[in-house]
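Subject: Structure for you to look at

Hi,

Here is the structure I promised to pass on. Please open it alongside this email, and I will go through what turned up.

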Amino acid sequence: MLKNETAISSMTNKTVSDVRKNAGHSVWKKIKPYAFVAPALSIFLIFSIYPAFRIIDLSLYQWNLVSPAKDFVGFQNYVNLFHDPEFFETLRNTILYTVLTVGLSLSLSLFLAIYLKNDTRVNRFLQRLIFSPYIVSLASISFLWLWLMNSDVGFLNYIISLFGIGKVDWLGNPHVALFSLVLISVWKTAGYNTLIVLASLQVIPKHLYEAAALDHANQWRTFRKITLPMISPTLFFITIVDIISSFKVFETIQIMTDGGPQNATNTLVFAIYEYGFKFYKIGYASSIGVVLLVIISIFTILYFRGLASKVHYQ
Amino acid sequence: MLFSMIFHKAGRCVMNTLLALIFFFPFYWMVITSFKTLGDTVLFPPELIPSTIQWQSYIDAFKAIPFLHFLGNSLIVTFSILILQMFTIIPAAYAFARYEFKGSRFLFGIAMVAMMIPVQLTFLPLFILFSQLGLINSYASLILPFASSAFGIFMLRQAFKQVPQELVEAARMDHASEWRIICKVFLPLARPVLVTLALLTFISTWNDYFWPLVLTTSDAVRTLPVGIASLRNVESGMYYNTLMAGNVMLILPIMLVFLYAQKQIIKAFTYMGDK
Amino acid sequence: MSEIVFFHAKKAYDSKKTVIEDLNLVIPDGSFTVLVGPSGCGKSTTLRMIAGLESLSDGELVMDGRRMNEVAPEDRDIAMVFQNFALYPTMTVRENIEFGLVNKKIPREERQKLIADVVETVRLAEYLDKNPGELSGGQRQRVALARAMVKKPKVFLMDEPLSNLDARLRNEMRTELIELHKRLQTTFVYVTHDQTEAMSMATDIVLMSNGVIRQKDAPIKIYNDPNNIFAAQFIGTPAMNMFDIREWPQHNSIPEQARYMGFRPSRVHLAQEATASMDKMDFQGRILTHEFFGSEIIYRVETDNGILSFKTFHKDELPLDMEVQVYVEKRDCYFFDDKQNRVRCS
């Protein structure tokens, strides 16, 4: 094969410099994909990957953010953490909040999805209505419910007074505060979950229901044996996604209860925030962050495992 | 059985009204409160329909906080992020979709991992980083961390992959440079995805309270949600009508976008649900 | 002289999969050359090598006296019509056609003129401002053609352009393409798996299978004088009757090396029509099936030597299970050796 420049150029009517330009051109061709992904990947590396590692690193020190000196203390922060009753309370609050939010939201959305399944104008309107809290900012929702839950003149207390119940201090009563937050969270996310379940309901082939009807299956049977298995992958994924976001709860607490009353609504992220920016205990805050990181990682792995093997309950 | 009762027509009427009340009433109450006088807000039992309507709360909200300043910051941050995202997402998605290069799987994996790392974890180390760089209370600290989106790359890559190879070959033979092919063939075909991404980004950035709160120590670059929050801290107790007025103004843009593009938005968010 | 020549061309993917071993082909200037063969025979690969969309693993491609191996597709002075038309869905018909011209920075007036000429030929004038999505299959086909024509290339390449059209449209477009070729007098290289298309349109047929050229000839020559069993049976409908004659009784005029004998169904006649002086072979059997095609009927007959089909233009339909006697004249028989190559009688 003739590979030399002049021979090629004479046969293809290109100049020698064209042929050379082609060679430089092919260097660019090799780098091009990397150049294209570099901007995005730099952002990810700097603003997502690096901080994840940094927080693990920071948890091994004791530092108050202002002084230049950092003391390496190894796992001491973790030791302190796991001996701290307040931390366990925080953890318990977060887990309780998550379980309640996800449980209630999921059940409600399952019910509403079936209720709103038929494509009528009323249903379509209702679907959009229950979805609307989801796109409003969590901050706005918090301000709104702060007002609704006002213990003296809030509307919620007015409603329950109509049923003869006395005023409840929704946000000030340590036994109630966490549940108030759960209520708000369910109100915000129910519509979103409903629409997702609805979408997966609508792809179930009609003929499965027709066959079941011919087989004399009653409503409950049909639901259990046909509907539920077909939507279980979706339910699985919503559950994981909701669990992960519930663990990250912060805005409602910071705006409405400030972690109180008496630590009743202190959650993991709020604790990181307080220890970091209020008490200036960076190392301790980071160790809580690592705990959160581990929890989220576990659920994330579950999520990807689920993606790989489409879950179907038998 | 309770089920069949609910699904019966009359039962449905009741249920529908209940649903409408639960999900609509709070918004109604918010708007009504914003038009009430302070005296009326503390009435108990509260007035369902206000006896007097006033716009004063809105004016107060405007004056109590530097409203336009916060609004401006929201606009700057939101649109900067939108633009930067387009510049980082489009080339990356194109490269992942149409090129075969060593390490592409690994690099794409990094993007996916980054997608799962939440801001609630990164805020502390990034605050430290930004303060070491002297960038606290700068727009950069609010914009740069969101200058790209792994989810966006994922979605756009899917869309680009679906462009038929024949179309690209025909364009090549039509003397189109690669850049021209991207602009004239790939981007127009991916328009729905691009619109979806823009909507999602706009909504989540506009609504974001967490990041502008924790990454700033002054009001210099704070965005509207954080701004409205300071309406809470009025010395002589909370003026709920003012707070609600601020809230209405905060929600209004999003509600307008939602009314205009309902179907698109719902599609956008529910796709995320089973990605 | 836009003649296309392949010298010892080879195409392999990885080291294991060699699609084309050693291709030597001359496509004459101004011809309508059809590359035809079953799926996977390498015809599309060959076309794409001419286009430059596939590179040659070895060997040379020369067009118009120039070596083309390294030349980019857009620099080859060719135009291509794709199987799925590959029209830009977000552009109007006009924009589709002029896309190539715009990219070459041809000024507006010149573009208008070029488009106007082409659009008249393909009759698309009313559709210029529509989107491809609003057009029918046939119209899209013509847009694809127009886009190719407006470049005034030296060679038109077409990759099964009619296979996505319905039967009637396909017939119409066939004649349009033949007329187009006559008018433009440019080299057409056309790929299809349909032998009727090949036979009706080509000036030269290149019959391929498994990456190898089995015969290259004018259509009538391939039909009347096939070089091997593959060519004999691929071209012509219904396929040529083919029998293994090793066990058959000896006949003096059958060549020595002949192992197979074939003859076209249209050359089979009912015994009544024979004359005494014919040198013929007789067959007898029972009618299995008949297919009525309007002007002709095709029968399949079960004989002791195997199943035989014959085609007649007789209007009376013979009933099933009827015993018939048929014959074929010796001069209409083709003989093939055990390598399936043609043995020609002297």
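This is a predicted model: local features need pLDDT of at least 70, side-chain atom pairs count only at pLDDT 80 or more; totals for chains, interfaces and linings use all residues.

Domains

Let me start with how the chains divide. In chain A, the domain assignment gives domain 1 as 5–49 and domain 2 as 76–308. The centres of these two domains of chain A, taken over C-alpha atoms, are 50 Å apart. Chain B is split into domain 1 (2–54) and domain 2, which is made of two segments, 67–240 + 251–273. For chain B, the distance between the centres of domain 1 and domain 2, again over C-alpha atoms, is 36 Å. Chain C has domain 1 at 4–226 and domain 2 at 237–343 in the assignment, with 39 Å between the C-alpha centres of domain 1 and domain 2 of chain C.

Where chain A touches chain B

How many residues of chain A are in contact with chain B? There are 62 of them, and they meet 67 residues of chain B. On the chain A side, helix α2 (residues 16–58) of chain A supplies the largest share, with 17 residues. By type, the chain A side that touches chain B consists of 47 nonpolar, ten polar and five charged residues.

Two helix pairs

In chain A, have a look at helix α5 (residues 121–135) and helix α8 (residues 177–202), whose axes come within 6 Å and cross at roughly 130 degrees. The contact of α5(A) with α8(A) holds eight nonpolar residues, five polar ones and one charged.

The second pair is in chain B. Helix α4 (residues 56–64) and helix α15 (residues 240–260) of chain B have axes that come within 8 Å and cross at roughly 80 degrees. That angle makes α4(B) roughly perpendicular to α15(B). On the α4(B) side are B:Ser57, B:Tyr58, B:Asp60, B:Ala61 and B:Ala64, and they meet B:Asn241, B:Thr242, B:Ala245, B:Gly246 and B:Met249 in α15(B). The residues of this contact between α4(B) and α15(B) comprise five nonpolar, four polar and one charged.

Sheets in chain C

One open sheet in chain C has four strands in the order β11-β12-β18-β19, with antiparallel pairing. Its edge strands are β11 (241–244) and β19 (342–343) of chain C, each pairing on one side only. β11(C) runs antiparallel to strand β12 (residues 260–263) of chain C, and four bridges join them. Within this pair, C:Met242 lies opposite C:Gly262 of β12(C).

Another open sheet of chain C has five strands, ordered β13-β17-β14-β15-β16 and paired antiparallel. Here β13 (268–270) and β16 (306–312) of chain C are at the edges with a single partner strand each, so one side of each has no neighbour in the sheet. On average, neighbouring strands of this sheet are turned by 45 degrees against each other, direction ignored. Strand β17 (residues 323–329) of chain C is joined to β13(C) by three bridges, and the two run antiparallel. Which residue of β17(C) is the bridge partner of C:Val268? The partner is C:Val328.

How values were computed
Residues are numbered from 1 along each chain as its sequence is written. Chains are lettered from A and ligands numbered from 1 in the order in which they are written. Domain bounds come from an automatic or database domain assignment. Two residues are in contact if their C-beta atoms, placed from the backbone, lie within 7 Å. Ala, Val, Leu, Ile, Met, Phe, Trp, Tyr, Cys and Pro count as nonpolar, Asp, Glu, Lys and Arg as charged, and the others, Gly among them, as polar. Axes are lines fitted to C-alpha atoms, for helices over the stretch in contact, and angles run from 0 to 180 degrees between N-to-C directions. Angles under 35 degrees count as roughly parallel, over 145 as roughly antiparallel, 65 to 115 as roughly perpendicular and the rest as oblique. Two strands pair if DSSP finds at least two bridges between them.
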